[in-house]
Amino acid sequence: MFGDFIPLFIMIALATGLALTLLKAAEIIGPKRPNRIKRTPYESGMDPIGSARERYSVKFYLVAMIFIVFDVEVVFMYPWAVSFHDFIEGGAAFGVMVVVTIFTVILLIGLVYDIKKGGLDFEQ
Amino acid sequence: MEVALNWYLGLSAILFSIGTLGVLLKRNAIVLLMSVELMLNAVNLTLVALSQSMGDADGQLLVFFTIAVAAAEAAVGLAIVIAIFRRKLTVDITEINLFKF
Amino acid sequence: MDLSQAFSTMAADLPAIFSMSVVTVAGLVMILQESLSENDRPIPWIGVGALAVAVVWELVHLGDPAGTAFFESIRTGGFASYINLIVLGSGIVTIILSVPYLDHIKHAYGEVYAMIMFATVGMLMLGTANSLVSIFVGLETMSVCLYVLTGLIREDEGSVESALKYFLLGAFSTGFFLYGIALMYGATGTMYLPEMQGAVPEGSIMFWAGVALFLIGFLFKVSAAPFHMWTPDVYQGAPTPLTGYMSTASKAAAFASLILVLFYALPDERWSLVLSAVALVTMIIGNVLAVSQDNVKRMLAYSSIAHAGYVLVALAAGTTEAYAGAMFYLLIYAIMNLGAFGVMAMLEWDGKEGRVQSLDSLAGIGHEKPLLGVAMGVFMFSLTGFPPLGGFMGKYAVFAPAVDAGLTWLVLIGVLMSAISAYYYLRVVVVFWLADAEDTPEAQAASRSFVFAGIPVKATIALCAVALVVLGVYSGGLLEMTFGFFEEGMMAATP
């Protein structure tokens, strides 16, 4: 089974090797005449203005974190959704809805807290 | 075409080791956080592979919890890192050394 | 499994998670109260009420036979009720102590109490877990809440630094812990503790490597050496009543879970040597490093490492009596440490969660605040292990079965270390009562404004002290009861 992959590995090795060789070759063979203009980020382009490391508002992180949490909690919904039909056919429709309602209500309380505390308030 | 279980276990062991080394060698708190996440995801791979090969759903069940826990940990961890950055203007863990023996 | 039966089975199992449900619902109500209402004064008392209801429930069910619920995910019966009582009781004490403390440092957020409730839920699940999935979920629910609680005072660099250390090392150990679970699962094909015992393939490296990684995670959580490095820093920088909570309830739950794992999944002689070695190192490091500490919270942190070592002696012995003794010790230890941290919370004046105030600055405080002084005396004598206090009976309960199991050398070192511990514990009593504030420049220089200890706080601390005396004198019945859990448990393990 491993044998099936050998051509692939050879291809990866060749590609990597070629790229690295060419880069190194250019560095060794190529002429080096650095000057100030050449060392600017955009040679014969626009001069960069300001720092690339601008401070973002901390709100940005807050929203990102809230997003991660709510986004990932939905992971529990997938197995529920997949097995939903089996439960309906197995005659457990009520139970399966109760369970997911409890889960959603708990998430909802988190969201209510978040909104009331201004976690999603961009204005201030 | 099926890949043998050992390849998955090997890959996840390598990923886990990379994560461990990252935690031990790096000094930036954010990179440490990423390394820890890498460790958790390496374990997820192990669990899914084992679960698949044994035809038992319990491993995959744990993976769901791990994903959720990893998200919660990431959120809390980032919040703590932001709090410490505001106080000390650095996230280099060698400069966070208030406590001594 | 018949799907139509699944939910009726779960509904029938609901009493098994009564405490967990009550505490969760209360936590959610507290979050809603905090976000929807201006008035956050009643929030802690909602929590205390819910915890008290759960305590009553567990007291009623203390005599139940062992069993499992929710498709064998969690254990029920006496053992579960007992450990739940320790956790719930610690929660009540912590909330009562936190109210004036957080008011004093102006961080009286309602969320704090909700986080305490959610951490409690995690501990309830951890202490009663019957499968590796429940252990993981419980442990992480607890840990994530504790990270937040540690970093509560986010304006203070000590607090956030503690939180960062706790978080990074905690998450790191979680990685090992989880990898251990994965390997154990891979080797045995099951997540359920009792099934694991019979399913271990002979000479499986995967399984033993998994157990080793799993134990690393656990030893980290109970702050056993050599995974104890986080403990002093975290305990010193965390808000004091919450430190008490961390050092008692979370350790009790983690130890209970470890006992369940060792008892049901790994009854193997070979662990004895590993656990003995860990216990030895833990006792020595905890006690020796505690001696040179000038800060009481840091001293108590090392002391809590030492006490984890004493419990590990019992776990190394691995007999039914030893496990019963360890359970008894966890209760005594919880009361002693909650009390000691509670007193320190009330004697805090530096506005930096007590991490910069020295012991000497509290010289002669016993004369100023006699109740706290006397109670601290009881806690310190009990931590040392003076008869007839609870601490003595607790140590006896863990050391005696270890001698029977042939670990006399380990017990001798434990007793020797207890003798060392007398020095640093009794120093606190000496400074509180015998040192003169006039002669101590630190006590003079300090502008001391203490937390106002109201009736509930005083009553709670006094109750802890009285409980230690009572438990020291009437320990027989309780020990018999903890012994009974394992007798029944033995039967439940082999149906």
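This is a predicted model: local features need pLDDT of at least 70, side-chain atom pairs count only at pLDDT 80 or more; totals for chains, interfaces and linings use all residues.
Helices are DSSP runs of H or I of at least four residues, numbered from the N terminus. Local features need pLDDT of at least 70 and side-chain atom pairs count only at pLDDT 80 or more, whereas totals for chains, interfaces and linings use all residues. Residues are numbered from 1 along each chain as its sequence is written, with chains lettered from A in the order in which they are written.

Chain A is divided into domain 1 (2-39) and domain 2 (58-116), with bounds from an automatic or database domain assignment. The centres of these domains, taken over C-alpha atoms, are separated by 48 Å.

The axes of helix H4 (residues 77-89) and helix H5 (residues 93-116) of chain A come within 8 Å and cross at roughly 155 degrees; axes are lines fitted to C-alpha atoms over the stretch in contact, and angles run from 0 to 180 degrees between N-to-C directions. H4(A) is therefore roughly antiparallel to H5(A), a term for angles over 145 degrees. Trp80(A), Phe84(A), Phe87(A) and Ile88(A) of H4(A) meet Ala93(A), Val96(A) and Val100(A) of H5(A).

In chain C, Ala326(C) touches Phe255(C), Ile259(C), Val311(C), Ala314(C), Leu315(C) and Val398(C), not counting residues up to four places away in sequence.

Key. Two residues are in contact if their C-beta atoms, placed from the backbone, lie within 7 Å. Helices (H or I, at least four residues) and strands (E, at least two) are DSSP runs, numbered from the N terminus. Angles under 35 degrees count as roughly parallel, over 145 as roughly antiparallel, 65 to 115 as roughly perpendicular and the rest as oblique.
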